[in-house]
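Colleague: I would like to learn how to read features in a model like this one. Please take them one at a time.

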Amino acid sequence: MSQTHPFKPIFDKNSKILILGSFPSVISRKFGFYYTNPQNRFWRVLAGVLNTAVPESKDEKIKFLLSHHIAIYDAAISCEIEGSSDAKMSKIVPANLKPIFKEANIRQVYANGGKAYKICEKYLNDEILNATGKEPVKLPSTSPANAKFSLEKLVFEWKVVAKAVIES
């Protein structure tokens, strides 16, 4: 079924890091915000690497991201998708990152998982390179489908984000 991304990117002029997912899950589309599936470990991983409390409400999550100079969005603005499975994505239309790069001084882009990274490589690499001078960095997915990674292992792998936040 064809789906269009239902919400806007989160960023401001102080954002230095951009984390791109692939496309919102069914639960995130239903609730209209990023990573709202309680099984997705995104918010717990970021809180873990930044050594802060896990934000709970939508407003807390936005404040959390912006206070750490982190922008989030998804690599696809629309696609054909069955359920929430990245493996079932087709007819991908990449997101337009120009407004983010124009307003914010993004220094590094991170892809949350293999599918987000593949979309970046196929459609967004030149745009990312032109804006940041760096290739996007692939991180292991925080999705519950990535069961081989424990929360602790994800936090370890995602520590590069904390390093980038500190350096920015």
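Colleague: Is Lys91 buried or exposed?

Modeller: This is a predicted model, and the values that follow are computed from it. A residue counts as exposed when its relative accessible area is over 50%. Lys91 has 67% relative accessibility, so it is exposed. Lys91 is part of strand 5, residues 90-94. Its phi is positive, about 50°, although Lys91 is not a glycine.

Colleague: Where is Asn51, and what is its phi?

Modeller: Asn51 lies in the loop between helix 2 and helix 3, just after helix 2. Phi of Asn51 is near 55°, which is a positive value in a residue other than glycine. With a relative accessible area of 74%, Asn51 is exposed.

Colleague: And Phe7: is that residue buried or exposed?

Modeller: Buried means under 20% relative accessible area. Phe7 has 11%, so it counts as buried. Phe7 sits in the loop between strand 1 (2-4) and strand 2.

Colleague: Which residues does Phe7 touch, leaving out those up to four places away in sequence?

Modeller: Phe7 touches Pro24, Ser28, Arg29, Gly32, Phe33, Tyr34 and Tyr73. For a distance across the model, take Phe7 and Lys148: they are 141 residues apart along the chain, and their C-alpha atoms are separated by 29 Å.

Colleague: Next, the sheet. How do strands pair, parallel or antiparallel?

Modeller: In general, strands of a sheet pair through backbone hydrogen bonds, and the pairing can be either parallel or antiparallel. Here an open sheet of 4 strands has parallel pairing, in the order 3-2-6-7. Strand 3 (70-74) and strand 7 (137-139) are at the edges; each has a single partner strand, so one side of each lacks a neighbour in the sheet. From one strand to the next, the twist averages 25°.

Colleague: How many bridges join strand 2 to strand 6?

Modeller: There are 4 bridges between strand 2 and strand 6, and the two strands run parallel. As an example, Ile19 stands opposite Tyr110 of strand 6. Strand 6 (residues 108-112) also pairs with strand 7 in the parallel sense, over 3 bridges. In strand 7, Leu139 is the bridge partner of Asn112, and Lys138 is the bridge partner of Ala111.

Colleague: Why is strand 6 described as largely enclosed by the rest of the structure?

Modeller: Count its buried residues: 5 of the 5 residues of strand 6 are buried, so the strand is largely enclosed by the rest of the structure. Then look at each face. Gln108, Tyr110 and Asn112 are on one side, Val109 and Ala111 are on the other, and all are buried.

Colleague: Which strands does helix 2 touch where it packs on the sheet?

Modeller: Helix 2 (residues 42-50) touches strand 2 (17-21), strand 3 and strand 6, and its direction makes about 160° with that of strand 3. Helix 7 (residues 159-167) packs on the sheet as well, touching strand 2, strand 3, strand 6 and strand 7. The direction of helix 7 makes about 150° with that of strand 2.

Colleague: How many residues of helix 2 are buried, and what covers them?

Modeller: Helix 2 is mostly covered, with 7 of its 9 residues buried. They are Phe42, Trp43, Val45, Leu46, Ala47, Val49 and Leu50. The cover over these buried residues includes strand 2, helix 3 (58-67), strand 3, strand 6, helix 6 (151-157) and helix 7.

Colleague: What describes two packed helices?

Modeller: Two packed helices are described by the angle between their axes and the distance between the axes. For helix 2 and helix 7, the axes come within 8 Å and cross at roughly 55°. Helix 2 and helix 7 are therefore oblique to each other. The crossing of helix 2 past helix 7 is right-handed.

Colleague: Which residues make the contact between these helices?

Modeller: Helix 2 contributes Leu46, Val49 and Leu50, while helix 7 contributes Lys159, Val161, Ala162 and Val165. Sorted by type, the residues in the contact of helix 2 with helix 7 are 6 nonpolar, no polar and 1 charged.

Notes
Residues are numbered from 1 along each chain as its sequence is written. This is a predicted model: local features need pLDDT of at least 70, side-chain atom pairs count only at pLDDT 80 or more; totals for chains, interfaces and linings use all residues. Side-chain values use heavy atoms; hydrogens and water are left out. Two strands pair if DSSP finds at least two bridges between them. Axes are lines fitted to C-alpha atoms, for helices over the stretch in contact, and angles run from 0 to 180 degrees between N-to-C directions. Contact means heavy atoms within 4.5 Å. Angles under 35 degrees count as roughly parallel, over 145 as roughly antiparallel, 65 to 115 as roughly perpendicular and the rest as oblique. A crossing is left-handed if the near helix is turned anticlockwise from the far one by less than a right angle, and right-handed if clockwise. Ala, Val, Leu, Ile, Met, Phe, Trp, Tyr, Cys and Pro count as nonpolar, Asp, Glu, Lys and Arg as charged, and the others, Gly among them, as polar. Buried means under 20% relative accessible area, exposed over 50%, partly exposed in between (1.4 Å probe, protein chains only).
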